[in-house]
Amino acid sequence: MLKEHSFDQNKYKKLNVNKTRYLPWFIALFGIVLLVLICQVLRLNWRILDALQYEEFNLNLKFKNYEELHKLYKNSTSENIIKESNNGFIAGAPNSTVNSFRVVCYYVVSFNLTRFRQLATSSVDPYLCTHIIVGFAIVENGTLQPKNSSDTLEYRNIINLKLINPSLKVLLSVQDFSSKGEFAQVVSSEELRKKFALNALNFINTTGFDGLDLDWEFPAWPDADLTQARNFTLLLGEFRHLINSSKDKNFRKLELSVAVASPLLIMSQSYEIEAMAGLVDFVNLMSYDFHLYTTVSPVTGANAPLYQRKSESGIFSTLNTNWSAMHWVLWGMPWFKINVGIPTYGHSFRLINSDNNGWNAPSSGFGRTGDGKGFITYSDACRLLNDTSTTHVFDDEYDVPYAYNGDEWISYDNALSVTLKAFYIKNSKFGGAMIFCLNSDDFDGICSPVKFPLTRTISNILIG
């Protein structure tokens, strides 16, 4: 019995030794399983939290002071809207005080006029905008060049407005409409990026501009060349390095901006938004041209809706100013660096059936209003509106108007819609408004006795 008991004891000791040997492995395995479970729980909670925050963010941005804004027009008739626009503002709008908002206005020089009207530099109010961006220079042989030699005179005349208003900033915009053009070549190597950045900054500094605006439409689009998007960021970095490291104090004061896209696909493909945020002084969000007549989409639509309509879903729910501005913030651009675009122009359509005259009405082509190619200035819109047989509609979901007369149909912005957009910018604490452009506002008094009524309305709200 003693021997048998002794044998059992040794067996137990050996078994205990084996258990002790494998115990760390069991503990490690248990720890790994526990860690995986914790990560999955945290991931699920994070997704739920992120979704809730996104929804809250979206709702806050859409409905922030929404009722307050709608008080401006809920009881207004079409006649009241047109009458108030004669004064260049909407009656009852809250008084504005001087603040740090930007009102960035594009001015198109004569040689670039294809659809815009010629606007004499002497007719530009130097106190209307905080910034005037003169368009457009081009890239040629890796350098910045005026599109025409006569442009330099208009450059000088706009720059001289600073003699009247020393606080005014005047920038030059350089433009390219291809991902395979001159800009594509410039960004393709470090040597060419350095050459272009130095050349461009020297040009604007010696000419008297206060900064440079890059209007490339669009990097890496539609070819999805992500290397090109990266190279564009590197070009911006080269500009920032030259500005910040310069011993010339005038160089260090130069501002750098980029005109940026608003559609989802281009936004996500063309820009490294978070990286851009630390390199630019501000971006000018081109929140317009969401809808115009094409053979692919031959129906009426809003040029620059502020919000989506409840009936819209999928990609259509992204085609509005609010969605684009919000996603530039969500994807890394600070609020205060975003100038939300407001157009002074619209688009025309020719209805197939004049009795079907709302949104998404089938169209056969461009309307006759404006240039005959679908583009209308605010003055063009007012000419149609002044016809007593024209019907004017203000959509309180899109927060923009449209009008029709027979088979003629237009989408545009008026004093009311730009008022709502200006308060949207102000209440949401964006950096300011970008107005495109002074040339398509009513600068010769067709809509009202007040010159530049749309731009002036926005300016009165944001900068007083």
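1. Among contacts in the chain between residues at least 6 apart in sequence, what percentage join residues at least 24 apart? In this model, which is predicted rather than taken from an experiment, the share is 77%.

2. On burial and surface, the chain has 464 residues, and 52% of them count as buried. Its accessible surface comes to about 21900 Å², and carbon and sulfur atoms account for 56% of that area.

3. The largest pocket deserves a careful look, with a volume of about 1000 Å³. It is lined by 39 residues, of which Phe177, Glu217, Phe218, Met286 and Asp289 are the closest to its centre. Two or more lining residues are given by each of the elements β1 (102-108), β2 (131-140), β4 (169-176), α9 (264-270) and β9 (345-351), and the largest share, three residues, comes from α9. By class, the lining of this pocket divides into 25 nonpolar residues, seven polar ones and seven charged ones.

4. The second largest pocket has a volume of about 430 Å³. Its lining is made up of 20 residues, and those closest to its centre are Phe290, His291, Ser297, Phe316 and Leu319. Sorted by class, this lining holds 10 nonpolar, seven polar and three charged residues.

5. Gln175 lies in strand β4, and because its relative accessibility is 16%, under the 20% limit, it counts as buried. The side chain of Gln175 makes a polar contact with the side chain of Asp215 at 2.8 Å. Leaving aside neighbours within four places in sequence, Gln175 is in contact with Phe136, Ala137, Ile138, Asp215 and Glu217, and Glu217 is also one of the residues closest to the centre of the largest pocket.

6. Gly135 lies in strand β2 and counts as buried, with a relative accessibility of 0%. Although Gly135 and Tyr155 are 20 residues apart in sequence, their C-alpha atoms are 9.2 Å apart in space.

7. Where does Asn320 lie, and is it buried or exposed? Asn320 is in the loop between β7 (282-285) and α11 (321-330), and it is buried, because its relative accessible area of 1% falls under the 20% limit. The side chain of Asn320 reaches the backbone at two places: the oxygen of Ser317 at 2.8 Å, and the nitrogen of Asn322 at 3.4 Å. Not counting residues up to four places away in sequence, Asn320 touches Phe290, Pro305, Leu306, Tyr307 and Gln308; of these, Phe290 is also listed among the residues closest to the centre of the second largest pocket.

8. Finally, helix α14 (residues 453-462) is largely enclosed by the rest of the structure, because eight of its 10 residues are buried. The buried residues of α14 are Pro453, Leu454, Thr455, Thr457, Ile458, Ser459, Ile461 and Leu462. The helix is followed by Gly464, whose phi is positive, near 75 degrees.

Terms used: Residues numbered from 1 in each chain as written. Predicted model: local features only at pLDDT ≥ 70, side-chain atom pairs only at ≥ 80, totals over all residues. Heavy atoms only, no water. 1 Å grid on protein atoms, 1.4 Å probe; cavity = no way out; pocket = protein on both sides within 12 Å on 5 of 7 lines; lining within 4 Å. Points joined across faces, edges and corners; volume = space filled by probe spheres on them. Helix = DSSP H or I, 4+ residues; strand = E, 2+ residues; numbered from the N terminus. Nonpolar A, V, L, I, M, F, W, Y, C, P; charged D, E, K, R; others polar. Buried < 20%, exposed > 50% of the residue type's maximum accessible area, 1.4 Å probe, protein only. Polar contact = N/O pair within 3.5 Å; in protein donor to acceptor, adjacent residues only side chain to side chain. Contact = heavy atoms within 4.5 Å. Areas by Shrake-Rupley, 256 points an atom, 1.4 Å probe, with all protein chains shown as cover.
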